[in-house]
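Open the structure in your viewer and keep the selection tool at hand. We will go from ring to ring, then into the core.

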Amino acid sequence: KDAETPDMKEASAIIEAVNAILPDCDATVDMLADRLRISRTALSAKCKTYFSLTPNEVIRDVRLRKAVELMKTTDMNIQQISIEIGIADQRYFSRVFKAKYGVTPSEYRNKA
């Protein structure tokens, strides 16, 4: 069947809300919860249920996926991408990117 299950709709809504706050370097779990009009506790429970991640991990994961998408589809440099996804500290961006993908953003882009 084509209809999304209620769970999939809720999971999609969380991802959409993360994407909406993504460029904000100061994006927080509280901002995400406010955007979804749910409590921080409810957000944590939903993130655990749907993604097996904490809300902060969901935000970081969506940021890193967006970074990969930008590397593949734009000529933006790594620093521009880092800022675009809401991570102002490029060293931190490189560290979390490497932790997820096993290579630095520059190495990833050179392979892509």
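**Stop one: two phenylalanines**

Select Phe93 and Phe97: both are buried. Keep in mind that this is a predicted model. The two residues sit in helix H6, which covers residues 90-101. They are four residues apart, about one turn of the helix.

**Stop two: the ring cluster**

Together with Phe93 and Phe97, they form one aromatic cluster. Now select Lys100. Lys100 lies over the face of Tyr101, 5.5 Å from the ring centre.

**Stop three: another ring pair**

How many aromatic pairs does the count come to? It comes to five. Select one of them, Tyr50 and Phe51: the ring centres are 6.3 Å apart and the planes stand at 80°, so this pair is edge-to-face. Tyr50 is partly exposed, with a relative accessible area of 23%. Phe51 is also partly exposed, at 23%. Go back to Phe93 and Phe97: their centres are 5.8 Å apart and their planes at 65°, so this pair is edge-to-face.

**Stop four: the cores**

Which residues touch the most other members of the largest nonpolar core? Of its 15 residues, they are Ala67, Met71, Ile81, Ile85, Phe93, Phe97 and Tyr108. Colour helix H4 (55-73), helix H5 (78-84) and H6: each supplies at least two residues of this core. H4 gives the most, with five residues.

Zoom in on Met71. Leaving out residues up to four places away in sequence, Met71 touches Ile78, Ile81, Phe93, Phe97, Pro105, Tyr108 and Arg109.

Last, select Ala17, Val18, Leu22 and Ile59. They are among the 14 residues of a second, separate core.

Technical notes
Residues numbered from 1 in each chain as written. Predicted model: local features only at pLDDT ≥ 70, side-chain atom pairs only at ≥ 80, totals over all residues. Heavy atoms only, no water. Phe/Tyr/Trp six-rings, centres within 6.5 Å; stacked < 30°, edge-to-face > 60°. Buried < 20%, exposed > 50% of the residue type's maximum accessible area, 1.4 Å probe, protein only. Lys NZ or Arg CZ within 6 Å of the ring centre and 35° of its normal. Core = buried A, V, L, I, M, F, W, Y, C linked by side-chain atoms within 4.5 Å. Contact = heavy atoms within 4.5 Å.
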